[in-house]
Amino acid sequence: MPNQIIAVDLGGTQIRTARYDLDLNLLQRENTLTLAHLGVQPTIERMKTFVRKVRPARRDEILGIGISSPGPLNPFTGVIVAPPNLHGWLDVPLRDIMETEFHVPVFIGNDANVAALAEAFKGAAQGCRHVVYITVSTGIGAGIICDGKLLLGREGLAAEFGHIPIVLENGTVSSVELEAAGPEIARRAKRAIQEGAKSKVLDIVNGDLNRIDAKAVGIAAAAGDQLAIAQLAYAGRIIGLGIVSILHLFNPEVVVIGGGVSKTGDLLFAPMRETARAHVMDEAYIEHLRIEQSALGDDVALVGAAALVATDGGNLDISELDQRF
């Protein structure tokens, strides 16, 4: 009787694998560097090796393998299309490769989609059937659970929150990601310093402008630096506007924010919440809404990959899990 799940987090920097029981309690975890620059096949072989490290002795104990991967990908065919942070990956049939190797069902999901499942099962959205998860990091993505089921769309390409268009004051059409992701936060801070603004950001990077990143901006903002605070506030307002569109379309119970930039806390969340409240069509959209920080942090992709197996690739209503197991 299958009683365990293997989870894989295929990231641009690390491959992490884990084994969970059917209640998604962690039993074992391993990790290694992705080393994507060495090519597709070596990366897949490392993934296989680390799956072997966490799998139980008997194959019939494994319900399946869930893989969280950067997109774009097709969750129905299990093909990784062309992730920008995995060099050389182009239409890689990862599901078929892994099923051939391990002879168990394999499910593959976009990292933001599986994170939505994770937060609904074990995180800040427990007990909710209408959930939006937004990750704010190098890019901005989202996963949506609509009435208990993961929203995928025809080709599995739904929920690209980061590409919601934003019209700037000068009339330029930009997007949530282009205005509010980590690299843009860093770029705006760097540009302001180059133009003569004083900031603790420069001290944090020891005067090296090329080392400015969103983390440095966040550290400076936490120390009270006004330039850094302004960059996070701008990003928060942009994300807040994007959330308004999500609220009007899906009317969720909770919006969970994860990713590295979310660790700046209220410096990002306060302007985000204020903007959402100021621009919704009606107070009813936000009166009972929670906008929360991820409760799972760096574990969200692994838990989500396990949840992907538990929900048959996101096709099973989350309320049916207790009945199934």
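What share of the contacts in the protein chain with a separation of 6 or more comes from residues 24 or more positions apart? Such residues account for 63% of them, a contact being heavy atoms within 4.5 Å. The model is predicted, so that local features need pLDDT of at least 70 and side-chain atom pairs count only at pLDDT 80 or more, whereas totals for chains, interfaces and linings use all residues. Residues are numbered from 1 along each chain as its sequence is written, and side-chain values use heavy atoms, with hydrogens and water left out.

**Overall form**
- The protein chain has 11 helices and 14 strands, which are DSSP runs (helices H or I, at least four residues; strands E, at least two) numbered from the N terminus.
- The C-alpha trace spans about 65 × 50 × 30 Å along its principal axes.
- Buried residues, those under 20% relative accessible area with a 1.4 Å probe and protein chains only, make up 54% of the 325 residues.

**Nonpolar cores**
- A nonpolar core is a set of buried Ala, Val, Leu, Ile, Met, Phe, Trp, Tyr and Cys residues joined through side-chain atoms within 4.5 Å; the largest has 48 residues, and among those touching the most other members are Ile134, Phe161 and Val255.
- Helix 8 (226-250) is one of the elements giving two or more residues to this core, and helix 8 gives the most, with 10 residues.
- Leaving aside neighbours within four places in sequence, Val255 is in contact with residues including Val132, Ile243, Leu289 and Glu292.
- A second, separate core of 36 residues includes Leu24, Phe107, Leu150 and Val303.

Note on methods
Buried < 20%, exposed > 50% of the residue type's maximum accessible area, 1.4 Å probe, protein only.
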